[in-house]
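Visitor: I'm new to this structure. Could you take me on a close look at the nonpolar core and what surrounds it?

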Amino acid sequence: MLDFPRWKQVWYWALTLLCVAAAVPSLYSIGSAPWPDFLPKPMVNLGLDLAGGSHILLEADPSQVSRQRIENMEESVRSRVRQAEPAIRIGDISSRDGRLSFMVENPAQVDMTRELILPLTTGAGLTGQRDWDIKVEDGSRFVLTPTKAGIDLAVGQAMETATEVVRKRIDALGTREPTIIRQGNDRIVVQVPGLKDPAALKSLLGQTAKLEFKLVDTTASPTDIAQGIAPPGSEIVPYANAQDARGGVAAIAVKRLGGIKGDTLTDARQSNESQTNQPVVSITFDQQGGAKFAKLTTENVNKPFAIILDGKVLSAPNINEPILGGSAQISGSFTVETANQLAISLRSGALPVDLKVIEERTVGPDLGADSIQKGLVAMLVGTLALAAFIIATYGRFGVYACLALIINMLMILGVMAIANTTLTLPGIAGFVLTIGAAVDANVLINERIREERARGRRVVQSVEMGYKEASRAIFDANITNVIAAVLMFLFGSGPIRGFAIVLMIGIVTSVFTAVTMTRMWAANWLRRARPTDLVL
Amino acid sequence: MKLLKLIPDNTNIHFLKWRVPFYTVSLLLMAASIALVAVKGLNLGVDFVGGQMIRVTFEQTPAAPVAELREQVGALGFGEPTIQEFGKPNEISIRMKLPEGSEDKPELAEQMARKITTAIRAAHPDARIDGVDSVSGKVSSELFTTGMLALGLAMLGISIYIWVRFEWQFGVGALFALIHDVTLTIGLFALTQMEFDLNIVAAVLTLIGYSLNDNIVVYDRVRENLKKYRRMPMPELLDLSVNETLSRTVVTSLSLLITLVSLLLFGPDVIFGFTAAITLGIFVGTYSSIYMATPILIWLKVNAGSFVPTETEIDRQERLARER
């Protein structure tokens, strides 16, 4: 037990020094002095609860994806049956209640219709399920419902694009070192350090930015609009700002078909309207979009058209003359800020799915700095007081224990830096638990040595027995902690995981320092001094 | 040099003489804790019920205008806020749970936080927003499930390991002691209505870790003594084991208390509740390893036959010396 060949000692010290050295850059940076660039730089990242910053969890709203799919399906079905030979006439089309239903006028054509529609669906997921469920009710009524597997698949695909869009928008804000991670099928985690007020960020991320231009249906009477009744082929869209409304009704009827979508933009900038100096957003279409826009405006001179953003009307100006240059201005009740925000959103593209903030945790930088400073002071005072107590209780062996403890703390930091992990407040709790466990190991050993001495064993034999007999309990205690830590890491969330990571690292380093290193020092001392009695 | 010795050698305190009264009291306390949780309920934080909490510091005034804030936030129509001091009189937290029937509005928590922050900023220019937490109902129920799952599985996993390493009776004893610790801690949270959030779950996990350390040290000594003194009656043997490890128990607990008290006195305000829970847990954990985990071995009929003794060279010399 007390046999330590030289090569083993060299290895132990090398390992210790490596880990401690890895902790140096992190400690250095607390003093806020920059670490020289030419040196390797392993760093412990401080969690947002310590460093200050925002953690935002976004989730896709599947209902919108489902609605969109039904709308697209309606268009596909319409064009299929129109092009069929012989033509199939369908009627009573409804896309409400999360499903698409229609009647085939000639019941003899039901099978043929099914043949036509089937290729519009594809397999989704591993179970062989399809993305649409097709049923025929009452002989001739088709009911198409998007299946959950299909919606999940669509959400998943949309989220891939959404993550990119989110990244572009955050970059446009100029925030430093953001972390954007897709989580599960329908979530995105955004972490931005050191942000004082995340409100701008959140409203930017929450904006779907789906831009549409649709013709206003001037045949609708204001009373019908107020009651939500739209003429056939039109729909009612509310105004974004009630004060923009015409004639006291905060909504407008627009034609469902024949509009232009805003996904053909090449640029969007905030600018000022030349006459009124109001903030507006100038947009530029790509060639295809520009041509469509020119056609729409040429055919509808002197008619109003609505600019719709995320299902709300921004404004409904008159088309005074054809707009042929492929660029236009969007007016609405903007401030410079909101116009700028919309420009960023339009530039980065529309989100293919609505995102909602379902969790936010923001810590102001002042509070974070306060926590770090107080945490360090408490750690320092606690360690000093603990060292005094342990040395007073165990003398020389207490000194070994304290040395081991300090090395242990540095090693935990070092390993965390090498593994590039993040230290959070619960992580500090894990730190405290580890220190407790490490001290306990030395207490167990030293008490056992005392006992063995009291039974009349010789010095060397007592030390040997002390380490041997105490090791069993230390081993069992640490294994149980490892079991707990691994389970916490696997099944816990956020804070509990941060705790578990530090605990796992700490268990390994504390066994190494509190058992192996102190035993080596004790062995060296015994060999060198050959004591006949122990002060313990 | 004279070293500090808190516990004299060869103590012989009859801890287990009081096992029945202590067990009775503990069982009653556990029942009371469960009843308290059932009747008063836990003051669950926004982590677990959803809602928002913001922390505000008023930089220009010595004390936060609590009554005024209560009115301003209440006027937003989300319900009555809970306003608490947070360290200093000018630092407060404003907490608000999700209103009933908001399951299908995942963005509500964030909107509440945003409106409240805006209102406070507008009315009090010197208000510094130090932190915003908003958790939707969906996320909070996930956090609750995963937190409790992690806690339960950790306890179960530990007990299974102890069963494998020792005997099934020890596993049952450890599990019972852990349940005792957790129940009493949660009972205390129900009694004081202190906020119970994810950080407190981490505190309970830490407490389990400490308590378990104690259990294992005593159990390890029991196992050793069972091999050594094969004819000693169980109560006596358990008393001996507890006494032999008493000095270690005291020194370790004191060491931990030193670190924890310094965290309580000098540490960040944010983890005060957390540290307080662990400090309390040290006492509960030490008590439970002596009075909950140990006597149960008598009732579960552990005996020397549970372990096959293995005699080491040193043990043999010792035995020969005794026989001589």
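Guide: Gladly! Let's begin with domains, whose bounds come from an automatic or database domain assignment. This is a predicted model, in which local features need pLDDT of at least 70, side-chain atom pairs count only at pLDDT 80 or more, and totals for chains, interfaces and linings use all residues. Residues are numbered from 1 along each chain as its sequence is written, while chains are lettered from A and ligands numbered from 1 in the order in which they are written.

In chain B, domain 1 covers 15-41 + 140-323 and domain 2 covers 51-135; their C-alpha centres are 40 Å apart. Chain A is assigned domain 1 (6-51 + 365-529), domain 2 (62-152) and domain 3 (210-347). Between the C-alpha centres of domain 1 and domain 2 of chain A there are 64 Å.

Now to the core itself. A nonpolar core is a set of buried Ala, Val, Leu, Ile, Met, Phe, Trp, Tyr and Cys residues joined through C-beta atoms within 7 Å; buried means that 20 or more other C-beta atoms, placed from the backbone, lie within 10 Å of a residue's own. The largest such core has 209 residues, and A:Ile252, A:Ala306, A:Met488, B:Ala154 and B:Leu205 touch the most other members. Helix H10 (residues 365-418) of chain A gives this core its largest share, 21 residues; helices here are DSSP runs (H or I, at least four residues), numbered from the N terminus.

Look closely at A:Ile252: beyond its neighbours within four places in sequence, its contacts (C-beta atoms within 7 Å, placed from the backbone) include A:Val216, A:Tyr239 and A:Ala306. A second, separate core has seven residues, among them A:Ile90 and A:Trp132.

How values were computed:
Buried ≥ 20, exposed ≤ 12 C-beta atoms within 10 Å, placed from the backbone. Helix = DSSP H or I, 4+ residues; strand = E, 2+ residues; numbered from the N terminus. Contact = placed C-beta atoms within 7 Å.
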